[in-house]
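The structure is shown first.

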Amino acid sequence: MEQLRHKHEETFRHCVRVAWLGEKLAETLRLDQERSSNLVRGCFIHDLGKLAVPNEVLDSEDRLTKEQWASIKRHPSAGAELLTEIPGMDRTLVETVLHHHERWDGSGYPVGLSGEDIPWTARACSVVDAFDSMLSPRPYRKTKTAEEAMQEIIRNAGTQFDPSLAERFYSLLDVVNTMYLSYADLFKTF
């Protein structure tokens with residue numbers, strides 16, 4: 001992850017925030033230590049494959065070309081490939097990275113898995129990843145508030161997101177709204 005931090009600081013920061021949100025979700029779900037650890041670690045490395053995406057694409061303020069969008073869509077596979085090169089890498093982490101852009105209705109990528117065929121940690125990572133993305137500044141859209149982002153998660157429960165995970169994450173709105181803002185401010189110093 002240190003390579004990602006040096007390549008693209010904002011993507012690294014996003015990964016840290018997603019891991020933090022994953023930890024909050026794990027707490028509300030009362031996961032055992034192993035499942036909680038797998039979720040947090042998977043969330044932390046979910047965008048590792050963006051090492052293979054040119055910074056010009058990651059920082060683009062223009063609408064992406066088909067080729068650029070294809071480059072972005074390859075990042076889950078690229079990240080999973082990097083992880084499989086590490087001896088003894090936990091399969092759960094590889095699956096989280098590979099499938100965090102799958103959608104509950106099967107319209108996601110890279111494989112097009114749907115429902116419970118999507119590994120659980122990838123489904124959970126998808127929710128917290130989307131939440132953080134909506135709160136992060138992007139040149140092509142207005143940043144959402146925590147409440148607006150949560151409403152978007154709920155609106156897309158059953159299509160983009162696992163409905164039960166979306167609902168459980170929504171229950172964290174007050175905690176996330178308070179803690180997330182102070183955490184984001186703190187992280188700006190790194």
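The model is a predicted one.

C125 is a buried residue, because its relative accessibility is 0% and buried means under 20%. C43 is likewise buried, with a relative accessible area of 0%. The sulfur of C43 has its closest cysteine sulfur in C125, 3.8 Å away. A disulfide is counted for a pair of cysteine sulfur atoms within 2.5 Å, so the C43 sulfur is too far from that of C125 for a bond. C125 takes part in no disulfide, and the nearest cysteine sulfur to its own is that of C43. Across the whole structure, the search finds zero disulfides.

D62 is exposed, with a relative accessible area of 60%.

H8 also sits in a loop, between α1 (2–7) and α2 (9–29). H8 is buried, because its relative accessible area of 9% falls under the 20% limit. In sequence, H8 and P54 are 46 residues apart, while their C-alpha atoms are 9.6 Å apart in space.

The accessibility values are collected below.

| Residue | Relative accessible area | Class |
|---|---|---|
| C43 | 0% | buried |
| C125 | 0% | buried |
| H8 | 9% | buried |
| D62 | 60% | exposed |

Methods. Residues numbered from 1 in each chain as written. Predicted model: local features only at pLDDT ≥ 70, side-chain atom pairs only at ≥ 80, totals over all residues. Heavy atoms only, no water. Buried < 20%, exposed > 50% of the residue type's maximum accessible area, 1.4 Å probe, protein only. Helix = DSSP H or I, 4+ residues; strand = E, 2+ residues; numbered from the N terminus.
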